[in-house]
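This briefing goes through one protein model by topic.

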Amino acid sequence: MATFTDRLRKSVAPIWERVHQHPFVTGLGDGSLPVGAFKYYMKQDYIYLIDYAKMFAIASVKAYDLETSSRFAALQESTLNTEMELHRQYAARFGISRAELEATEPSFVMLGYTSYMLRVAHQGSLAELVSALLPCTWSYWEIGKRLVQVEGAIDHELYGEWVRMYSSDEFGELAIWLIDIMNQLAEGKSEQELAKLEEYFVNTSKMEYMFWDMSYREEMWPWENN
């Protein structure tokens with residue numbers, strides 16, 4: 001029997017395939033990605049994670065039971081104190097200091113993406129919140145699993161660590177847990193409510209694509225690259 005997340009995945013199939021074919025993503029796999037684009041991405045992704053961690057904090061408050069609340073709280077702690085530290089260490093290999101990361105000015109796409117997610121988180125239900133944050137984790141896991149199949153990708157001196165991180169069993173377990181939570185939260189919802197969840201999921205999937213494209217072009221604001 002098809003699950004609600006099967007429906008969600010089907011609805012974004014063309015978008016996610018465009019992500020897989022984007023030169024930033026394919027460049028991570030074959031090593032052709034310009035270093036400048038990756039450094040730009042690292043800085044924007046760092047400040048994105050700050051707001052992403054807030055999503056987990058809000059989810060912890062909105063959770064209906066202690067176990068779920070505790071898990072979301074742990075994810076916030078892990079994002080702020082583990083994932084972001086790994087991010088800082090990895091960035092240092094590219095000559096990006098912690099001070100430079102934290103002084104990053106957000107791009108137009110980054111502002112739009114996180115502002116949208118946080119609005120959904122503050123104004124919506126836990127189900128709506130999860131539908132908005134799920135594309136990031138789920139699509140990264142899919143990207144990692146696909147790139148790990150590219151010969152030499154996991155051993156690349158610059159991008160191999162990124163591929164290993166997002167193709168790992170540990171990251172996959174997080175994605176699966178969020179997928180399961182989404183299915184649980186969708187149970188008993190009306191078609192109108194499910195359509196709203198799907199809308200948020202599709203919108204943040206589109207923003208994921210825009211984030212990759214923005215990073216590849218190192219674009220802060222649309223008119224600056226014209």
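**Alanine 63 and its surroundings**

Apart from neighbours within four places in sequence, alanine 63 is in contact with Thr68, Ser69 and Leu126. The model is predicted. Alanine 63 sits in the loop between α4 (35–62) and α5 (66–92).

- Alanine 63 has a relative accessible area of 16% and is buried, because the cut-off for buried is under 20%.
- From C-alpha to C-alpha, alanine 63 lies 9.5 Å from alanine 127, although 64 residues separate the two in sequence.
- Leu126, one of the contacts of alanine 63, also takes part in the packing of α8 against α10.

**Packing of α8 with α10**

- Helix α8 covers residues 126–147 and helix α10 covers residues 169–186; their axes are 9 Å apart and meet at an angle of about 150°.
- The two helices, α8 and α10, are therefore roughly antiparallel to each other.
- The crossing in which α8 passes α10 is left-handed.
- On the α8 side, the residues that meet α10 are Leu126, Ala127, Val130, Ser131, Leu133, Leu134, Thr137, Trp138, Tyr140 and Trp141.
- On the α10 side, the residues are Phe171, Gly172, Leu174, Ala175, Ile176, Leu178, Ile179, Ile181, Met182 and Leu185.
- By class, the contact of α8 with α10 is made of 17 nonpolar residues, three polar and no charged.

**Packing of α7 with α8**

- Helix α7 (residues 108–123) packs on α8 at an angle of about 150°, with the axes 7 Å apart.
- At that angle α7 is roughly antiparallel to α8.
- The crossing of α7 and α8 is left-handed.
- From α7, Tyr113, Met117, Val120 and Ala121 meet Glu128, Leu129, Ala132, Leu133 and Cys136 of α8.
- The contact of α7 with α8 contains eight nonpolar residues, no polar ones and one charged.

**Tryptophan 16**

- Tryptophan 16 belongs to helix α2 (residues 13–21).
- With 3% relative accessibility, tryptophan 16 counts as buried.
- Beyond its neighbours within four places in sequence, tryptophan 16 is in contact with Arg9, Pro135, Trp138, Ser139, Glu142, Phe201 and Ser205.
- Tryptophan 16 and serine 205 are 189 residues apart in sequence, yet their C-alpha atoms are 7.3 Å apart in space.

**Glutamate 218**

- Glutamate 218 is in the segment after α11 (191–217).
- The phi angle of glutamate 218 is near 50°, a positive value in a residue that is not glycine.
- Most residues other than glycine have a negative phi.
- Glutamate 218 has a relative accessible area of 39% and is partly exposed.

**Overall fold**

- The protein has 11 helices and zero strands.
- The radius of gyration is 17 Å, close to the 17 Å that the globule rule gives for 226 residues, so the protein is as compact as a globular protein of that length.
- Along the principal axes, the C-alpha atoms fill a box of roughly 50 × 40 × 35 Å.
- Of the 226 residues, 52% count as buried.
- Among contacts with a separation of 6 or more, 82% are between residues 24 or more positions apart.

Methods. Residues are numbered from 1 along each chain as its sequence is written. This is a predicted model: local features need pLDDT of at least 70, side-chain atom pairs count only at pLDDT 80 or more; totals for chains, interfaces and linings use all residues. Side-chain values use heavy atoms; hydrogens and water are left out. Axes are lines fitted to C-alpha atoms, for helices over the stretch in contact, and angles run from 0 to 180 degrees between N-to-C directions. Helices (H or I, at least four residues) and strands (E, at least two) are DSSP runs, numbered from the N terminus. Angles under 35 degrees count as roughly parallel, over 145 as roughly antiparallel, 65 to 115 as roughly perpendicular and the rest as oblique. A crossing is left-handed if the near helix is turned anticlockwise from the far one by less than a right angle, and right-handed if clockwise. Contact means heavy atoms within 4.5 Å. Ala, Val, Leu, Ile, Met, Phe, Trp, Tyr, Cys and Pro count as nonpolar, Asp, Glu, Lys and Arg as charged, and the others, Gly among them, as polar. The radius of gyration is taken over C-alpha atoms; the globule rule is 2.2 Å times the number of residues to the power 0.38. Buried means under 20% relative accessible area, exposed over 50%, partly exposed in between (1.4 Å probe, protein chains only).
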